[in-house]
Amino acid sequence: MKQLIHFIGIGGIGISALARWFRAHGYEVTGSDLTASSTTAELIREGISVIVGPHNAKNLSEKTVRVVYNQAITKDNPELQKAIELGLPHSSYPQSLGELTRIYKTIAVAGAHGKSTTTALTSLILEKAKLDPTVIIGTKLKEFGGKNFRNGGSEYLIIEADEWKASFLHYFPYAALITNIDREHLDFYKNLTAIKKTFEQFLLNVNPYGLIVLNKDDKNLRSLSKKIKRPIVWYGLGDAVAPAIRKILTVPGEHNVSNAVGAYTLARALGVARPVILKTLAAYRGAWRRSEYRGKLAGAAVYDDYGHHPTEIRVTLSGFKAKFAGRRLICVFQPHQMERLKILFKDFTAAFEAADILILLDIYKVAGREEKDNKITAGKLAAAIITKSGKPVSVPPSFAALKSHLTDKLKVGKNDVIVMMGAGNINEWTDRLINK
C-alpha cells in the first residue's frame, strides 16, 4: 500500500515540483490550495487529488502519514493544525527538499535574480551531457513536458535555492552557484547586510570537496570572497567564452548572457565538454514566464515575464529594447506584494526607463505577507513615475479596460512589443489577451 503525503499550498511553483517527485517515487499524493491555477490543473490531470478552496482539516485523509506545507502557510492553518493534533510528521517545503539534498549529489542555484534561467540552463546542459539529473525548478520547461520537475536516474539533483525566509539554509549541496545578491525579500530581512550574512551561511553548507561558483560582476558577491575560506570558481561577462555565448543565445538581455556564462562555468567544472554546453545554450528558447513569447494581439508581439523586483524589471526591459530596437515597447506591470512596493518605491520609479509606455495593474496581494495598514497603491506609483519622467502611465480598472486601452487608444500593431510583467496572476491576463 502506498504511503500518502498531503501538500498544503500545493499550487506553489516549488512545492508542486516536490509533490511530483514524491509521486514519481511511489507515494500517493494529495494537496490543497486556496485558488485554482494552471499548476493545480496540471497536477489534477496527472492524477493528484487537489482540493481548491479554503483550507480545511477535513482535507487530510485518514490515510495521510505526512504533511508538507508551503512556507507561506501560517501556524494557525487548520490543515497544519490537524497534522500536529494527529502527531503526523510535518515539514515545510524547504525542510523537505533539504532532506533530498542529503541523498543526492545536489547542485543548488541561488541568487536574487536569474535563478530559474540559470537552473534551467544547467539542467538542460547536464541532461544533454547524459548525466540524467533529477530537477526541481521554479519555472516550467518545454523540454520537461511543460513541467517544473524532471525525474532523473543518476546521483545528480539540480534545485533552485530560494533565499526567502532563509529557505536555502536547509540545503546541503555538493555544488552551489550564486548569480547575485540584492535588496530583496525585505519583508523578512532587515537590510542588505542581513541578506549577505545569510548567503554566507548558505555557502557554509556546501560540501567541502564540492564547488562554489560565483558571479564576479556582482559587487555584493565579491565582498563575500574574503569570508569564504575555500576555493571559488568565478565567472563573468568578461570571460573569454562570453562573446561566443552572446552570439548564439536567443533569449534577450545581458543578464541572460551572464546566466548562461554561469551555467557554462559550472558545467565545465563538472567536466562537461564545451561543444555540448554551447549546443545546449544555442538551442535554449526560454522558460515559462521568463521573457516568454506568448502570441499576438492585433499584430503586436506579446511576451510574459516573471520580473517583479526593480533590478529584474530594469535589465529585462533593457534586453527587450536592445533586441527590438526601433519598435515601441509597452510594459504592462502588476506590482507583487504591497510591502515590496513600499520598501523599494524609489527604485520602482526608475525601473521602467526602457519602456516607451507603461501600464500598471493593481497590486497583487500575497496571502500572509501583507500589512493591513499599508496604504501603498499602483496609482501612487503611477503618479510618482509621471512626476519623475513624464512617461505615459495608466492604471486600467479591469481587463476589458486594459484590452481597449491597448487596441483602441494605443492602436497596437506589428511595430509594437508588449511585455506582461509581474509575479502574481498577470499571466492570466496575458492568456486572455492573446486568445480570441
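Me: Over the face of which ring does R290 lie, and at what distance from the ring centre?
Reply: In this predicted model, local features need pLDDT of at least 70 and side-chain atom pairs pLDDT 80 or more, while totals for chains, interfaces and linings use all residues. Residues are numbered from 1 along each chain as its sequence is written, and side-chain values use heavy atoms, leaving out hydrogens and water. A charge sits over a ring if NZ of Lys or CZ of Arg is within 6 Å of its centre and within 35 degrees of its normal. R290 meets that rule over Y306, at 4.3 Å.

Me: And which residue lies over the face of F399?
Reply: Here the distance from the ring centre is 4.0 Å. The residue over F399 is R432.

Me: Which residues do ring pairs link into a cluster?
Reply: Rings of Phe, Tyr and Trp (its six-membered ring) pair if their centres lie within 6.5 Å. The count by this rule is 13 aromatic pairs. Ring pairs join four residues into a cluster: F7, W21, F22 and Y27.

Me: How are α1 and α4 oriented to each other?
Reply: Helices are DSSP runs (H or I, at least four residues) numbered from the N terminus, and axes are lines fitted to C-alpha atoms over the stretch in contact, with angles from 0 to 180 degrees between N-to-C directions. Helix α1 (residues 13-24) packs against helix α4 (residues 93-103) at about 45°, their axes 10 Å apart. Angles under 35 degrees count as roughly parallel, over 145 as roughly antiparallel, 65 to 115 as roughly perpendicular and the rest as oblique. The two helices are therefore oblique.

Me: Which residues of α16 make the contact with α15?
Reply: The axes of α15 (residues 399-409) and α16 (residues 426-434) come within 11 Å and cross at roughly 55°. That makes α15 oblique to α16. F399 and R432, the pair with the charge over the ring, both belong to this contact. On the α15 side are F399, L402, K403 and L406, and on the α16 side W429, R432 and L433.

Me: At roughly what angle do the axes of α5 and α10 cross?
Reply: Helix α5 (residues 115-128) and helix α10 (residues 274-283) have axes that come within 9 Å. They are oblique to each other. L121, L124, I125 and K128 of α5 touch V276, I277, K279, T280 and L281 of α10. The crossing angle is roughly 125°.

Key: Rings of Phe, Tyr and Trp (its six-membered ring) pair if their centres lie within 6.5 Å; planes under 30 degrees apart count as stacked, over 60 as edge-to-face and the rest as tilted. Contact means heavy atoms within 4.5 Å.
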